[in-house]
Amino acid sequence: MAHNGGTCLYKQARLNIEPAFPGSTIAFTLPSGSLSTFGSRPTVKRSVVTEQYVDQDEDAFTKRHLATDGSMYFHKHNAYPRSFLWRVLDRKKVLELQAVDLDHDYTDQFEANLTLLLQFASPIRPFCVAFATPGDRDALTVFAITTANELYRITLHRDFFASPAASEQDIDAWCKRSEPTLFSGRIPYRLVAVSAEELLVTLDDGAICRMLWDKVNNTWDGSRYQSNNWSVRGLLSWKAQPTVRFENADLAISAAAAVAVSPDGQHILSVCLDHTLRAWNIASGKAGAQTDLLVNDIRALEKTNANTSSSYSIGPAQSKLMAILDVPDGVGGATYHVVTYSPKQHRFMFWGVRDADDPSLGLYDAAVGSELIPPIDELMDTTVWTMEEFHIIPGPAGWRGSEIWIRARSGPSSRVYSLKFDLTDLPDNRTQTWKNDWVSVDSGPLTVEGLKVNPTNPSEQDRDAEHDDLDSTEQWLDFLFFPGRFTTATLETSLHIYKRGLERTRSRSSRGSLKERLCATVIAFATNSQNGTQNPDIGDAVAAQWQAYYSLVKDLHKRRGESLSLVYDQKTDRPWLILSDHVSAIRNCSKAEVAILNAEALSDQRMLSKSLRKVLDTTESRDVARLLNAASSFRQRLPSFVQQEVQRHMEMDLLQSRPVTIIDRMEWIESNSELLQHVTDEHLSLLVEELGTEVKDLKTDTFLRAIKTLGYEEEGKLNSRKQIARYGLSALLRVSQETLEADHNTLLDLLVLALFMFVELEGETPEDFDASEVFMELLGQYKDCMTMSWVARTVWARQSSTGPASDNVNRTMSETLRTGQKLPFTQTVLEGVYGARAFEVSLPEKSKANLLTHWSRGWLASIFVGLEYDNVVEDIMGLLLAQREYDLAMDFSKFLKESTWATYLRGRLYIALGENALASVCFQKPAYTLALGLFDVAEEDTASLVSEVERNSFSEGLAQYYSHVIGLFEKAKAYSYIADFARLGLRSLVGQEDEQLKGELLQRLFTASVQTSMFQEAYSAMTRHSDVALKQADLQTLITSMVSQDQTPELFKFPFLGLADEVDTILTSLCQRTLNLASGPPYHQILYSFRISRNNFRGAASILHERLQRLKTTSSKVHDPADESLTQCYLMIINTLSSVRKEDAYILAEQRIEGGGSLTVGLGQGKKLLKRQIVTLDTLRKEYQAELDRIAAIESGQFPFVDPMDEMDIL
């Protein structure tokens, strides 16, 4: 036992303690009778805390996040919330409370995810926080005693943890403060809550106060239990007793360090600092049975008390000394049992209680003949240690199968151990069990030591410039921001400390995201460090700065892992460990983890402990364990770059689709990674030694059994009446991440070993080893693990609900913040996609500490149940696209294989990223299968990426499919690709196809062609329309578009067969709608040209005459002699009419005439009326000559002040 610290069968799953979302922390300043530092009483108030981590210094971090005390309390009933985590923060003035249940009933519509901060005016005394469950309401009662001797009774209704509005009531209604007279003038030492109405308080003078709550008067009443002389013969009074110093107080050695009420409710039992166990009769107040914690002899006790100057006293900081157990069929006829721990000899005593009032025979040693001492000296390899806590769990039907959990400390190291024992066993057997059968709890991969051996930790990697292809900054960011590894507060505080040496950064400290600010600071430090150097290497400088920053992170992270308490949930049979800034669920190790964590013990089969033999109960299982350990050691001995190359080429092979044989793939991986070249004879001899056999004797079955240990064996049944809670999902994710990380390493170990055996044994292949079979099985498992690892470490910005409760929370928050689906907290893709399916896993009814291990393995396995690997990858890809996580989808697309639906998904990704050319290729490639095959889009599209309406476009012909693709490009406004697919759709139409679909495709082709100035194709599409109204509308669009782009000459090249009249009508309408002839399109000239091209000379002259009239009335340049627009227009009309026969040289025009009555001279021109008249060529020539005369008169200065057509009033 000394060499391995005990068999390791358990492991911690550390969870970060963080607010559920911004604004989920509510602080209450509680009433107080004491004065503050400034002589005033604190104001009672309630406030919503907004956590600010940016620019948070170390002191602020310590006060808010690092607890000095903490534990968990469990309701005895099943109502949610049932499990509460409490921590003492901010120099013992703040009590933090939050629910940490793993699950709750599916009918619950609320999520208890609020954090409550109770702020006291004075510090809370050590060991003076207690909890109870009220019998008349669904609430949590909190008791606390401060250094001002104020006793608080705080009743928090269940809704306080679920709804912010529930706590808006008056604080005095649920917080009662009192200063009980029972311990007036004394110092409370320990507080125990028997119930919500009964307390036990031990005092510094040795007294025990039993306090009862008076509901009528809302006050505490009770009695004191104390003797002036604890000695039977009355040798010493209290005033003469020795004292011990604790927290600025002197405690008498008769002070009770542990106190409880007996199961029958008739006695108070206590363990005092003077190393004695005593019983008090509650009714009479008299002392009863008493004994030394190690010697069941009243005379020896009296002798010890008589010589108090040399007697042993227990340290007052000892957390737990006693446990009372009501076990059926007690040993020796005991009514109940009392278990005590003596720090003097580190010994446990199991006392049977016959009659607690009998001083001599009331207590007896129920484990006589056995020394029940945990071998912590050997387990922790130390000579000095303390027992911090213990929990005794009786067996299912008595003492058989009982269990004890302990937490021991040696210096800064704190470890948890467990032992199964039988108190009714023979004394020698009991002693041997307590000496040899302890099992330990591994601290897990989130400790500083665990992070040191993490393969992804850049600080522990050799920076080899020749073989290092990855940017160190990218590696550091991946490591530091891995979900659940470090809190935001830790990284922000470390950054604040780190950048103190960089000038002029404080003003810019809060700009940008944490990643951006961190990278900028590291680069700035690295650049400064290179100033003045002759051969600067910025890569080495950046790596050094990352190391410097991580050293700060590591220091804070280590402080966060300080152990505070060990608790045991009796109802679920699960232990928990509370750390300074973590809550840690203790779980059973899987068989693969047992093999790795007990590698040293497994190296010698003769030294296997009983507990390890029970887990690895067959020869085959022990052979598998040796194989796993040997493979792990073999790979770790290889150079780091060889390990990286093997992994890189393995993943390259998996992500490629190459038509090569298994043998060729194995040879390709081995040759490119140079594996065999770096295996030395020493490596081989160590491998043989660890395997316990020759390499050539390894069998395929052994490898396959090893792979099977990473699988999931279904047991139990589904529980659809449950939904997962916030901490349950965090725990499930944490254990799943650890499982995937361990599986990844194990599979890589076995793959490397299998590759080595394949190459090394080439030519002498053993009959019982099939390298191809082993390699394929390992690759399949590795591929699943690689994909799920990506999902478990990747964070997305959308929050998916995991049940009715979280759905209500998300909906309420979305409505409150008006942010839609972008809520102010994040989750991994694994949580978001599969969190709601957490209870689609069969779980054993009494899984105890094995729950999270079994649950996480089953959760991961359920993803692939009934589905092929390709289907799972496509489902995840579809969800990423549906949630518009395009960057993540791009990264994840490497896992997609070359299937029909996968190619379509790639097309959707490319079109979202603006890669329209690639999208076009991806949409065309599977077109025939998606459009013509027996393709069920509803079955493939589990993410509802394609709407219900659009799903009708699949398996209904190419034209329908291309129409769907056109819709996608229309959203992206990629008109050239719209035209391409519209042409494809039209080509695919054969026979009597749907005319409506044809019309839609033609219209889309027309629109896209106009947008891309492909007017020839637009004209062609327009002419093919069978819908007259649509054709006329498109014709007008074509004309206006071409005119606006100065493409009139090209417009007139179109034949317009059967459309000439429509073109003329459209141009005429456009002429009439033209408001400004000077700046608007020259529709009159265009129509003139069009009519000329159609030999319609009179029509051409008519439209020019209309323009002439518009120029006379609207042009501001009409009085400018330099403006020739009127004269040119006259000439064009005259020339046009001159081209026809004399009798046809006229036009019908709408002539302006004056409205009735004379007009007033001024800015107004009077009302104009239109009248049709015949305008002949001679008339136009006369008007033209008149215009020339007018211009000549203006140029000579002989011009009227008014229009000569208007009359002038003579004054």
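**Close-up views of salt bridges and a helix in a predicted model**

View 1. Because arginine 648 and glutamate 645 lie three residues apart in helix 14 (residues 640–654), about one helical turn separates them. An α-helix has 3.6 residues a turn, so residues three or four places apart point the same way. The two side chains form a salt bridge, with N and O 2.9 Å apart. Arginine 648 is partly exposed, at 37% relative accessible area, whereas glutamate 645 is buried, at 14%. The model shown here and in the other views is predicted.

View 2. Arginine 559 pairs with glutamate 58, and their closest N and O atoms are 2.9 Å apart.

**View 3. The salt bridge of arginine 177 and glutamate 179.** The closest N and O atoms of this pair are 3.4 Å apart. Arginine 177 is partly exposed, at 33% relative accessibility, and glutamate 179 is partly exposed, at 48%.

**View 4. A network of salt bridges.** Glu51, Arg64, Arg87, Glu96, Arg560 and Asp581 are linked to one another in this network. The model has 55 salt bridges.

**View 5. The buried residues of helix 4.** In helix 4 (residues 427–436), the buried residues are Arg430, Thr433 and Trp434. They lie on the same side of helix 4 because they cover an arc of only 95 degrees around its axis. Among the elements that cover them are strand 25 (347–353), strand 28 (398–410) and strand 29 (413–421).

Notes: Residues numbered from 1 in each chain as written. Predicted model: local features only at pLDDT ≥ 70, side-chain atom pairs only at ≥ 80, totals over all residues. Heavy atoms only, no water. Buried < 20%, exposed > 50% of the residue type's maximum accessible area, 1.4 Å probe, protein only. Helix = DSSP H or I, 4+ residues; strand = E, 2+ residues; numbered from the N terminus. Arc of directions from axis to C-beta. Contact = heavy atoms within 4.5 Å. Salt bridge = Lys/Arg side-chain N within 4 Å of Asp/Glu carboxyl O.
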